[in-house]
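Hi everyone, thanks for coming. I'd like to walk you through one structure today, so please have a look at the screen.

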Amino acid sequence: MKEFNREALRWALTNAVEHKGHADVKSVVGKLIATRPEFKSKIKQLMETVEKVVKEVNKFSLEEQRAKLQALGVVEAPKREERRGLPELPDVDKYPKVVTRFAPNPNGPLHIGHVRAAFLSYEYARKYGGKFILRFEDTNPANAMLEMYDKIREDLRWLGIKWDEEYLQSDRLEIYYKHAEGLLKAGGAYICTCDVMKFRRLRDRGKPCPCRGLPASEQLKRWRAMLEGRYQEERGVVRVKTDLKHPNPAVRDWPALRVVTANHPRVGNRYRVWPLYNFSVAIDDHEMGVTHVIRGKEHVVNELRQRFLFDHLGWRYPTAVQYGRLTIGGAVLSKTQTMKGIRSGEFSGYDDPRLGTIAALRRRGFLPETIRQVILDLGPTPVDSALSWETLAAYNRRAADARANRYFFVPNAVKLIVKGAPKMREVHVRLHPSHPERSERVLPLFYEGDSLVVYISGEDAASLREGQVIRLKDFMNVQIKSRKPLEADFHSRELTEGPKIQWVSAGAVEADVIKPDGSHEVGLAEPAVADLFVGDILQFERYGFARVDAKSPKFVVSYAHR
Ligand SMILES: [Zn+2]
C-alpha cells in the first residue's frame, strides 16, 4: 500500500511538472498501470488514491512539485529542446568577425562567477564562427601567482573551453610603453608626481594638479626618468586626461601606469613601470581586435574610464555586453577569503568543498557539462543571480545519472546477523539499472557458522522494529528478530513491498566521505568500488552522487548531492 501511494505520488508529480503544474487523474492512472501492471487488479482503489494524490499535488507550485519530485529521487527527463540558444549579440554585422576574450588575473583560482565570463565569451565566439582569446592580466607584480597560470588553463580545459590565442600581459610591457609615450607626446596623458592625497583633493574639486599643464617635453623627460627607475612607488603615475568635471570623481584623470618595485613572478625585476588594469585592458582589446567585451556589470565605471583613452587614440570602443553577478549559495567566492583560509589551514586547498572554485566543484563530482549548461541557461542576463546548490545538483543529477554506476554504501555500519539464510557465495547486481551492457558487480557473502553476516547503515538499523520484514536490496527479505544484538531470520527471496535496505557483507571496503561542509562520514562500501578510478563519478544508492577522491591509503569519495 505504501508503495502504491509512493508510485501514485511519483507519477502525479511527474505529470504535473510536465504540464505546467497541473496533473491529470486519467494520465496518472494510465502511467501507473503501464509501469506496474500488477496494480490493475486494484483499479478501484487505484482511482481513489490517485484522485486524492492529484488533488494534493495540484495545490503546490511548479517549483515545489519539482522539489518534491527530486526528493523522491526521480530524475526529470531532460527536455527535448535542451539547449536554449544564447540571445544574439548586438552589432555582429558591424564587424567582419566576432572576437571575444576571457581575461583572468592569475592571482587566485577560478570560481563559478569567473567562468560565466569564460563560457559566454567562448560560446559567443563559437556561435558566430569567431575567435576566442585567453589573456592573462598579470600586470600587478605583487599579486600574480606563478602556479595560477596553469591552474587556470587546467580548469578551462576541463570545462571544455578551447582558446584560439593566448597572451600574457607581462610579456607586453613594450607595447603599453609605446602607447603611453604616444599619449604623453600628444597631450592625452601626463605624469603626476604629486602626493596622492594632494592629487585627490584637487581632483575631487574638479581642479587640475600642477603636472597636468606641463609641456610634452617635460612629460617625456619624466617618462624617461620613470623608466630608468628614478621615481619611488606612488610618486610617478601616468594619468589619462579625462573630463575633470566628470560627475564621477573616480573617472577623472585615472591612473594608467605606475611604478612598482616588487619582482614579478614571471619576468622578475625587468620592469619597474607597470600598467594598471584599465590601461592594459583598453590597449589589448584594441590591439587584439576584440569586438565584444562580455563582462560583469561592475565594470561600467571602467568602461567610462576607458572610453576617454579610446577617444585620445582615435579608436572605436568595442561592443560591451554586461551581465549581473553570480553567486552560489553559501560558497566562499572571495579571493581574499579563499587565500586567507588556505594559508591558515581552515581550507584544505583550492578544491576544499566549501569553496565555489572550479577545482572544488570538479572534486565534488560536478560535471563540466553541468556548469556549462547552468551558465548558458542563465545567459548574459544583467540581473544578479544567486545559484542554489539545489539547482546545480538538479542539473548535475541529469548529467550524471546515466554515467554513474550504482554501489551500496552503509554509513556508520552496524552488524546484522541473519539466521536460516540459504548458503550462497555471492550476489550479482547490475552496475546500472538501465545499462545491462555494463555488466554486474559482485557482492560476496560471509557466514559465521550457519549465520549470514551483513552490515547495514546505523540509521537504517535504528529505524527497525522487531517483527518487521525488510528487504536486503537485490538479495532477500529478512524478518527482524531482535534489535540488540541486531538479528533477523531469513524470510523469502522474492521482491516484496517492504523497505529496501542497502547492505554489504564479505570484503567490504572502509570508505570515507568528504561532505560539502568539510566534515567526514565513514562507513562500509561494497568491494566492487575497488575497480573505480580516482575521478570516477558514482552513486551510492539511497545516499547520493559522489566522486572518487583517493584510493589509497583509504578509499575516499567526495559527496556531490543526493
Ligand atoms: Zn600632479
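Helix α2 passes helix α3 in a right-handed crossing. The contact is built from Val25, Val28, Val29, Leu32 and Ile33 on the α2 side, and on the α3 side from Ile43, Leu46, Met47, Val50, Glu51 and Val54. Before I go on, please keep in mind that this is a predicted model.

How are α2 and α3 oriented to each other? Helix α2 covers residues 25–35 and α3 covers residues 43–57, and they pack at an angle of about 130°, with 10 Å between their axes. The two are therefore oblique to each other.

Helix α3 has another partner, α1, which spans residues 2–18. Here the angle is about 50° and the axes are 9 Å apart, so α1 and α3 are oblique to each other. This crossing is right-handed too, with α1 passing α3. From α1 the contact uses Phe4, Asn5, Ala8, Leu9, Ala12, Leu13 and Ala16; α3 answers with Gln45, Leu46, Thr49, Val50, Val53, Val54 and Val57.

One more helix pair: α5, residues 112–127, and α14, residues 368–378, have axes 10 Å apart and pack at about 75°. That makes them roughly perpendicular to each other. Among the residues in this contact are Arg116, Phe119 and Glu123 of α5, along with Arg372 and Ile375 of α14.

Now to the metal. Which residues coordinate the zinc ion? Four cysteines do, through their SG atoms: Cys192, Cys194, Cys209 and Cys211, at 2.2 to 2.5 Å. The angles between the 4 donor atoms run from 104 to 117°, which makes the arrangement tetrahedral. For reference, the ideal angle for four tetrahedral donors is 109.5 degrees. If you'd like to find the site in the sequence, the donor spacing is C-x1-C-x14-C-x1-C. Cysteine 192 sits in strand β4, while cysteine 211 is in the loop between α8 and α9, so the pair ties together parts that are 19 residues apart in sequence. Are these two cysteines buried or exposed? Cysteine 192 and cysteine 211 are both buried.

Next, some backbone details. Most residues other than glycine have a negative phi, and most peptide bonds are trans. Two prolines here follow cis bonds. The bond from lysine 484 to proline 485 is cis, with omega near -5°, and proline 485 lies in the loop between β20 and β21. The bond from serine 552 to proline 553 is also cis, with omega near 5°, and proline 553 is in the loop between β26 and β27.

As for phi, glutamate 234 has a positive value near 70° and sits in the loop between α9 and β5. Its relative accessibility is 56%, so glutamate 234 counts as exposed. Asparagine 412, in the loop between β13 and β14, has a positive phi of about 50°. Asparagine 412 counts as partly exposed because its relative accessibility is 44%.

Let me finish with two other prolines. Proline 247 is in the loop between β5 and β6, and at 72% relative accessibility it counts as exposed. Proline 444, in strand β16, counts as partly exposed at 25%. Leaving aside residues up to four places away in sequence, proline 444 touches Arg425, Glu426, Ser505, Ala506 and Pro527.

That's my tour, and I'm happy to chat about any of it.

Conventions: Residues are numbered from 1 along each chain as its sequence is written. This is a predicted model: local features need pLDDT of at least 70, side-chain atom pairs count only at pLDDT 80 or more; totals for chains, interfaces and linings use all residues. Side-chain values use heavy atoms; hydrogens and water are left out. Donors are N, O and S atoms within 2.8 Å of the metal (3.2 Å for Na, K and Ca); water is not among the atoms, so sites may look incomplete. Four donors count as tetrahedral if all angles lie between 85 and 135 degrees; four count as square planar and six as octahedral if opposite donors are over 155 degrees apart and all others between 65 and 115; anything else is irregular. Helices (H or I, at least four residues) and strands (E, at least two) are DSSP runs, numbered from the N terminus. Buried means under 20% relative accessible area, exposed over 50%, partly exposed in between (1.4 Å probe, protein chains only). Axes are lines fitted to C-alpha atoms, for helices over the stretch in contact, and angles run from 0 to 180 degrees between N-to-C directions. Angles under 35 degrees count as roughly parallel, over 145 as roughly antiparallel, 65 to 115 as roughly perpendicular and the rest as oblique. A crossing is left-handed if the near helix is turned anticlockwise from the far one by less than a right angle, and right-handed if clockwise. Contact means heavy atoms within 4.5 Å.
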